[in-house]
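Please have a look at the fold before reading on.

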Amino acid sequence: MSLSRSARLLILAFGLAFAGSAHAEDPALSREMIVGDPAAPIGGNPKGDVTIVAYLDYNCGFCKRSAPALDKLVKTDGKIRLVYKEWPILAESSVAGAKIALAAAYQGKYETAHRALMALKGAKIPQATMLDAAKRAGIDMTRLQVDATTHDADIVAALKRNDAQAKGMQFRGTPVYLIGPLKIEAALDYETFRDAVAQARARAKS
């Protein structure tokens, strides 16, 4: 199945994209850790037949443009395992947003925080605005602060792994979606996400 030409996708075989990394021998940067890092939040169907790994930034307009389409795809398809990779590279507040979302995971509300932050308009969003969005979404802010402090070393380590992986695969910016064996660096609509998943399934069968 062909992908939308209008999306101007950069698509490469996942294995080839990472094979050239000078750090490929590092276990933390292996394909297994990219798709299966236990610190990375998981959405969708944990036993899905296609894994999408999404590298995102809460100040990224293209990420926000694609977020509703990705949510719709995961919900309607039912067989997609979604791995969230916080890659805060666009602003200082991007790091704050990533830490808020990952800290929320400890109270089982990563996706709640993620969607609240993705829904914020604009770029270089102040940390206070991000915290307010998390609060309005129903995050327990007292626990969030405790978890953010208690698990800070683990959260920072996860962010560093994500950054090393992204640099190892020579990503040029957010968003990046690893869809099965495909690497796509573009903002996608629902139809293009759906076509990419179909192509990933077709490659898996062949």
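Let us begin with helix α8, residues 152-168, whose 17 residues reach 24 Å from the first C-alpha to the last, close to the 24 Å expected at 1.5 Å a residue. The expected span is 1.5 Å times one less than the number of residues. Helices (H or I, at least four residues) and strands (E, at least two) are DSSP runs numbered from the N terminus. This is a predicted model, in which local features need pLDDT of at least 70 and side-chain atom pairs count only at pLDDT 80 or more, while totals for chains, interfaces and linings use all residues. Residues are numbered from 1 along each chain as its sequence is written, and side-chain values use heavy atoms, leaving out hydrogens and water.

| Helix | Residues | Span, first to last C-alpha | Expected span |
|---|---|---|---|
| α8 | 152-168 (17 residues) | 24 Å | 24 Å |
| α9 | 190-205 (16 residues) | 23 Å | 22 Å |

After α8 comes Gln170, with a positive phi near 60°.

Buried residues of α9 include Tyr190, Phe193, Asp195, Val197 and Arg201. Among the elements covering the buried residues of α9 are α3, β3 (50-56), β4 (80-86), β5 (176-179) and β6 (182-184).

What does α3 pack against? Helix α3 (residues 61-77) packs with α5 (residues 110-118) at an angle of about 135°, their axes lying 10 Å apart. Axes are lines fitted to C-alpha atoms over the stretch in contact, and angles run from 0 to 180 degrees between N-to-C directions. The two helices, α3 and α5, are therefore oblique to each other, a class left over once angles under 35 degrees (roughly parallel), over 145 (roughly antiparallel) and 65 to 115 (roughly perpendicular) are set aside. Cys63, Lys64, Ala67 and Asp71 of α3 meet Arg115, Leu117 and Met118 of α5, where contact means heavy atoms within 4.5 Å.

Now for the cores, sets of buried Ala, Val, Leu, Ile, Met, Phe, Trp, Tyr and Cys residues joined through side-chain atoms within 4.5 Å. The largest has 46 residues, of which Ile52, Leu70, Leu73, Tyr177, Ile179 and Phe193 touch the most other members. Beyond its neighbours within four places in sequence, Leu70 contacts Ile52, Ala54, Leu82, Tyr177 and Phe193. A second, separate core of 12 residues includes Ile34, Ala40, Ala166 and Val176.

Overall, the protein has 9 helices and 6 strands, and 49% of its 206 residues are buried.

How values were computed. Buried means under 20% relative accessible area, exposed over 50%, partly exposed in between (1.4 Å probe, protein chains only).
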